[in-house]
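Me: I would like to go through this model with you, one topic at a time. Could we begin with the backbone and then turn to packing and cavities?

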Amino acid sequence: MSYNRRSLPGLLALAAATATAAASISITVPCKVPAGAATLDKMPIAASFEFYFWPSYATNISLAGPCLDHLSQMYGQKVPIRIGGTTQDRATYDPNQEAYISYDDPDPLVPPMKITYGPKFFDLIAPYGAETILGFNRGDNNRTNTFEAILDAKKSPGLLKHLKGVEIGNEPDVYLYIWQKPIATPPWDANQEGADAADWAQDFINQWESPLPMLYTGSYAVPVPIQPKWPNITHLINVSFNQTVKDAVATYNQHLYALSQGTDLGVEMDHVRTAADLAVFPEYVASSASAGREFYLGETGFHGQEVPSDASFGAALQVFDKSLLATSLNIKRLYYHQGTINQASFNWFSSSQVEHPFYGGYLSALALHDADNIIAADNGTDRHARYVLFKNGRATKVVIINTEYYSGSGSRPTIDFSLEGIAGANQLRRRAGRGPPEVLRVTASSSDVTASEVSATVAGPTIGGQSFASDETCSIVGDRKTERLVIDEATGSATVRVGASEAVIVYL
C-alpha cells in the first residue's frame, strides 16, 4: 500500500447504520464449540514491512523488535513477517550493490519512485528469524531482473529455512488505475491481469524448481469491483490458474484498508463499518479453500491514505475488532502494515515511541492466544462487537468491544452486557481450584487520544492498568489488574459493564 496517494475514485464513504444503544445486551455463550466456528491459526497476527524500509525496521527502529517480541512470546516463535508493498514494484535489483538499499529521495516522508537494492537486503532475513513472505517487482515488467533477484535471494544463507512465500507483485489490480505501470495495458481487467499473473507464476515454477508450493498470490488492493471486470481472487483461482500453478501456490491473500477515506473517527471505527468492509471476504476464503489453500489478509491497516486519526486509541479498537471479526470468518492471518517511518499513521511504532495501533495488534494476539476456535456473537448491525473463543472444545473467553465514540468530555456512556449460560465455566474453575472468572479491561481517556498527546493529565491506553514503555525496551509498565465477574448461580449469567470506546476480555 502507498501513502499520500489520491483516493480511489468510486470509493464513497459507506453510510454506517448505527443501532440505538440499548441499556443491556444479552450474549449467549455456547458451552461447546458450535458447528461452523472458525479454526484459528497459531500465529494469527503478523507484521508487514514496506519494502524499501525493511532494512531500517530490521536494524534501526529499536522499538520494532521488542514490541513484536510480546507477540512472539505468546506464539512461542517469532511473529511472521511480510516484506513488500508499493515500493517492491519500484525496486531494481543490483547484484553488485554493497548497500542494503539505495534511492534518491528528496523528501524522507514520501516513498521514492526509483529504488535499487543488493544481496545484503536478503541477508537480514535469516538473522531476524521469522517466517517470511518476500516481495518482488512485477509491475515494471522486467523479468530478467526480477528472477535474478529471486534466485539470488534463494542463495542467501539460511533464508530458505524462514521463507514461507514469494510474492511477485504488490496490488496488481491498481497497476494501471493508479500507477500506470509498464506491465499494464488498458483496460487491465481480470482476464488480462489473471493471464499475466499465471504466466509469471509458471515462469517462477520453471526457474525456482523447489521447494514448492511457494507462491504467495493475489495481493489485490481493493476487495470490491470498483470498475467492471475488476481483478479478484475468485477469478484468479477459477479462471486464470491451471492446476500446475495452483499446486505451486502456498497461500492466497488480499489486502484490506477501510473502504472509505473518511476522517470522522466516530464513523470510521464503528463495528458496523468494519463488518461491512469484511463482508465480501467469505467468498475469497471459500475460493481459496476450494483450491486447498488458506486465505490471509496479506496487508492491512486502518486506512490506506494518511488519516491522522489512524494513530488514535479508536484506531487501536478498530484493529482489535477487525482482527477478531476476520479470524471468525476463517481468515487465518492478518499482516498489519508498517509503512513510512514516522509518517504512516497506522504504524505500530515510530522511531521514538510506541504508537496506539500497536495496542490493537497486541490485544488481538492476546485474545486469540491459546484458543482453538472463534465465533462472532453479533450480526454486525450495531456498534458492540462480541466474540466467543474456545479451547479444547469449551468456551474460555468472551471479548466485547464497544466501538461507540467517546470524546473524553462529559460522562462516558456505558452498556451492560449479560453473559448467559456461563455457570458451567464457573464450576470448572472451582474444580480446578481457580478463582471466579476475570475481566481484563481496556480503556483510554478518549477515542481520539494519540501517543503524542499522552501526558500527566491525558491518559493513553491501558490493558488492565498496564501500558507499554516508549523506550527501546517496549516493556510492559504497571501491575495487571482484573475485575471479578460475579455469576448468578440461579440463572447462570453475569453482567459486565463496558463504556464507549472500551473493550473487555472475559476469562471464563
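**Backbone, helix packing and cavities**

Reply: Pro187 is found in the loop between strand 9 and helix 7. Please keep in mind that this is a predicted model.

Me: Which residue does the cis peptide bond join to Pro187?

Reply: Pro186 is the partner, and omega of the cis bond between Pro186 and Pro187 is about 0°.

Me: Where does Asp370 lie?

Reply: Asp370 lies in the loop between helix 14 and strand 14, the latter being residues 373-376. Asp370 is not a glycine, yet its phi is positive, near 60°.

Me: Let us move to helix 14. At what angle does it pack with helix 13?

Reply: Helix 13 and helix 14 (residues 357-368) pack at about 35°, and their axes are 7 Å apart. The crossing of these two helices is right-handed.

Me: Which residues of the two helices meet?

Reply: From helix 13 the residues are Ala316, Val319, Phe320, Ser323, Leu324 and Thr327. They meet Pro357, Tyr359, Gly360, Gly361, Leu363, Ser364, Ala367 and Leu368 of helix 14. By class, the contact of helix 13 with helix 14 has nine nonpolar and five polar residues, with no charged ones.

Me: How do helix 2 and helix 14 run, parallel or antiparallel?

Reply: The axes of helix 2 (residues 64-75) and helix 14 come within 10 Å and cross at roughly 5°. The two helices are therefore roughly parallel to each other. On the helix 2 side, Cys67, His70, Leu71, Met74 and Tyr75 take part, and they meet Phe358, Gly361, Tyr362, Ala365 and Leu366 of helix 14. This contact of helix 2 with helix 14 comprises eight nonpolar and two polar residues and no charged residues.

Me: What about helix 11 and helix 13: what is the angle there?

Reply: Helix 11 (residues 271-278) packs with helix 13 (residues 313-328) at about 40°, with the axes 10 Å apart. That angle makes helix 11 oblique to helix 13. Their crossing is right-handed.

Me: Which residues make that contact?

Reply: Helix 11 supplies His271, Thr274, Ala275 and Leu278, while helix 13 supplies Gln318, Asp321, Lys322, Leu325 and Ala326. The contact of helix 11 with helix 13 has four nonpolar, three polar and two charged residues.

Me: A change of topic. How many cavities of 30 Å³ or more are found?

Reply: The search of the whole structure finds three. The largest cavity holds about 160 Å³ of space.

Me: Which residues lie nearest the centre of the largest cavity?

Reply: Arg138, Ile168, Ala197, Thr217 and Gly218 lie nearest its centre, out of 18 lining residues. The elements giving two or more residues to this lining are strand 9 (163-168), helix 7 (190-208) and strand 10 (215-220).

Me: Which element gives the largest share of that lining?

Reply: Strand 10 does, with six residues.

Me: And how do the lining residues divide by class?

Reply: The lining of the largest cavity has eleven nonpolar, four polar and three charged residues.

Key: Residues numbered from 1 in each chain as written. Predicted model: local features only at pLDDT ≥ 70, side-chain atom pairs only at ≥ 80, totals over all residues. Heavy atoms only, no water. Axes fitted to C-alpha atoms, helices over the stretch in contact; angles between N-to-C directions. Helix = DSSP H or I, 4+ residues; strand = E, 2+ residues; numbered from the N terminus. Parallel < 35°, antiparallel > 145°, perpendicular 65-115°, else oblique. Left-handed = near helix turned anticlockwise from the far one by under 90°. Contact = heavy atoms within 4.5 Å. Nonpolar A, V, L, I, M, F, W, Y, C, P; charged D, E, K, R; others polar. 1 Å grid on protein atoms, 1.4 Å probe; cavity = no way out; pocket = protein on both sides within 12 Å on 5 of 7 lines; lining within 4 Å. Points joined across faces, edges and corners; volume = space filled by probe spheres on them.
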